[in-house]
Each structure stands twice: as structure tokens, then as C-alpha cells.
Amino acid sequence: MRPFEYVRADDAAAGAAAALQAPGSRFLAGGTNLLDLMKEDVERPPRVIDIRRLPLGQIERTRAGLSLGALATNTETANHPMVREHYPLLSQAIVAGASGQLRNMATNGGNLLQRTRCNYFYDTAMPCNKRQPGSGCAAREGLNRIHAVLGWSEACVATYPGDMANALYALDASVRVRAASGAERLMPIGELHRLPGNTPDRDTTLAPGDLILGVELPVGAAAFARNSHYLKVRDRASYAFAMVAVAAALDMDGNRIRQARVVLGSVAHMPWRSAAAEAALVGQPAGPEAFRRAGEAALAEAPPLAHNAYKVELGRRAVERALMRASRLA
């Protein structure tokens, strides 16, 4: 563990100021990812800013839908009656994401910002553009079985590992952010994460000092409550990161699909919402044929790496299976 300065923030303004005064600082909430990265010498923040005293733990109904505080734990969120009733896809994704012990500590804001589990990112003896810009990507020509098949670049083939965000993408959530200046903004969650391009060290579009205050779920997303399913395919039945995950949600009119959401996880640098798969479903009768076409559309442009071509077929089948379960046909 390298030396660092610990600061406890009593309000958001103080936290932002502390972050700006020491470039590379990190906010600390549950610590379930950050502390591991620091122990592995992957993250080396000069200052850690504890934000756990900030009043951001509420979960409450709003006129627009449901507001989830950034410091509400994953357990509190998954078990909240409003989430379970109106946004069950989110509950499923959170429960699939980690053990009860981790969910008791992990926060909503921190969950969105977790970093890749690429083995080369964690191995400080290996080159990694995400960890050390300009050093190269060992995974590009190395063992890349768990890596991306969509949206990757020559600079990085790592995947985003989270589950909660996949469901939030499917539910058209927004993220409330406070800038260091004090200005607040509400951004669609699809604008939070980014593809690697030539700067894979930047996981999100957040600027230094930006603080996530909460997540807003729209009331309209409750239309997917009856017909949604989160499918996580992993190497072992116990808790593990996904090889492929799918958040599937349907708004049905009888047997016909009015709206569809298909978001894949662990296949790209960010949650991958497939507009092509959704377009293949809208207006179609629910059934194996429509779901098979959606799976094919979702992975149609996937360029696999040397060791992960299996993810293309696995992804297609996972989309089909998740949609079958969401439609209650399986």
C-alpha cells in the first residue's frame, strides 16, 4: 500500500474542492473496488476522499419515477419494495452481481464506476494502456478469452464488468451529477460510460471533481416490469464476473412487442445497448423466431479476438434465452 492522504468530506462542495486540489484523487464510498485496486498497486491516488457522511442514501418516489441515492447500498436498492415491484430487472441484476456481503457495502454510485477485471490491468508487470497510457495493450495479442467482441480498439480490449449498469441502461435511467463548480446536471446513463478509442484510461465522461449524486428511474420504465429478465452467463455457478450478460425488457400488447430493450454486458468497454436487436423486435409477435433474429442482430458486427470467438455465439444464444424468459415463454 502506498502512502495517501485521507480526507473526510462533510459536504459535496468540500469533497469536490479536495479532489481538485490533488489531481488523481478518488472518492471513497463502499470501497469494494477502490481498496482492492489500491492494494494491488493499480490505483495510486494521492488523496482518498471519504464521502460516506454525505446525505445521499435516500431511495424515494418522485413525480418523474424513482430516485436512488448514490450512497444507498446495493442491498437497500435491490430489496426496496418500489424497485422490486416496478423495476424488477434492476433487482435481478444487482443480486446477480455479487454476494450479500459485497452488496451490503457496495453503493449505487460506486457500482457504476467500477473498473475492468482484465487480468493485464491488474498485473502491474504487464503493459496496459488503461493503467498506464501509452504502454501498450498486453491483452490485444495475449490471452483474451474474457475480453471484448464489440466496440474495442487497438489501444484496449477490456470489458466493463458491472451488472447493475446493464439493467439501468435497459430502463432508460439517468444519472444526477454535481460538477466541481457546484452545478448539477442530469445525464442519460448512456452518456456516462465511453468506448476506449485512444484513451482507454478514461472509463467515463466525468470530469475531475464530478460527483454522482444519484440515479433517476423514469416512471415509463415500469412498463417493462412484467416482462423483463436479467441473464448472467459465467464460468461457475457461484458469484463470478460474466462471460456474457443480457438485460432484456419487453413491453407487450398481448403477444405483440410494443417496445424492447436489449443490453449486453461483458462484451464491450461499456454496457452495450443493441439498437439493431431492439428494432428487430418491435412490432413482432413474441416467440423463438423473433428472438433468434434479435440475437443475430445484436452480434452481427462483432469482431472477435484470437481467443473469444465463442462469445459471439454465446451472446446470440444469451439474447434469445433472456428474451424467452422475459416474455414468459420459457
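The largest nonpolar core holds 42 residues, of which L90, L112, L168 and L217 touch the most other members. Two or more residues of this core come from each of β5 (65-69), α4 (81-86), α5 (88-97), α10 (164-170), β6 (174-178), β8 (211-218) and β10 (244-253). The greatest contribution, six residues, is that of α10. Another core lies apart from this one; it has 30 residues, among them V244, M252, V262 and M324. In soluble globular proteins, nonpolar side chains tend to be buried together. The whole description rests on a predicted model.

L168 is located in helix α10. Is L168 buried or exposed? L168 counts as buried because its relative accessibility is 0%. Leaving aside residues up to four places away in sequence, L168 touches L90, L112, A173, I189, V215 and L217. The C-alpha atom of L168 is separated by 16 Å from that of H269, a residue 101 residues apart from L168 along the chain.

L217 also has contacts with residues elsewhere in the sequence. With residues up to four places away again not counted, L217 touches A64, G65, L66, L68, Y87, L90, L168, L171 and A173.

R176 has G214 in β8 as its bridge partner.

A further open sheet has three strands in the order β1-β3-β2, and here the pairing is parallel. Its edge strands are β1 (5-8) and β2 (26-28), each of which pairs on one side only. From one strand to the next, the twist averages 30 degrees. Three bridges connect β2 with β3 (residues 47-50), and these two strands run parallel. The bridge partner of F27 is I49 in β3. Helix α1 (residues 12-21) packs on the sheet and touches β1, β2 and β3. The direction of α1 makes about 175 degrees with that of β3.

| β1-β3-β2 | β1 (5-8) | β2 (26-28) |

## An aromatic pair

A pair of aromatic rings is described by the distance of the centres and the angle of the planes. How many aromatic pairs does the structure hold? The structure holds one. This pair is formed by F121 and Y122, with 5.7 Å from centre to centre and 85 degrees between the planes. The arrangement of F121 and Y122 is edge-to-face, because planes over 60 degrees apart count as such. F121 counts as buried because its relative accessibility is 0%.

## Cysteines

A search of the whole structure finds zero disulfides. C137 is in no disulfide, and the nearest cysteine sulfur to that of C137 belongs to C156, 5.6 Å away. C156 is buried, with a relative accessible area of 4%.

Technical notes:
Residues are numbered from 1 along each chain as its sequence is written. This is a predicted model: local features need pLDDT of at least 70, side-chain atom pairs count only at pLDDT 80 or more; totals for chains, interfaces and linings use all residues. Side-chain values use heavy atoms; hydrogens and water are left out. Two strands pair if DSSP finds at least two bridges between them. Helices (H or I, at least four residues) and strands (E, at least two) are DSSP runs, numbered from the N terminus. Axes are lines fitted to C-alpha atoms, for helices over the stretch in contact, and angles run from 0 to 180 degrees between N-to-C directions. Contact means heavy atoms within 4.5 Å. Rings of Phe, Tyr and Trp (its six-membered ring) pair if their centres lie within 6.5 Å; planes under 30 degrees apart count as stacked, over 60 as edge-to-face and the rest as tilted. Buried means under 20% relative accessible area, exposed over 50%, partly exposed in between (1.4 Å probe, protein chains only). A nonpolar core is a set of buried Ala, Val, Leu, Ile, Met, Phe, Trp, Tyr and Cys residues joined through side-chain atoms within 4.5 Å. A disulfide is a pair of cysteine sulfur atoms within 2.5 Å.
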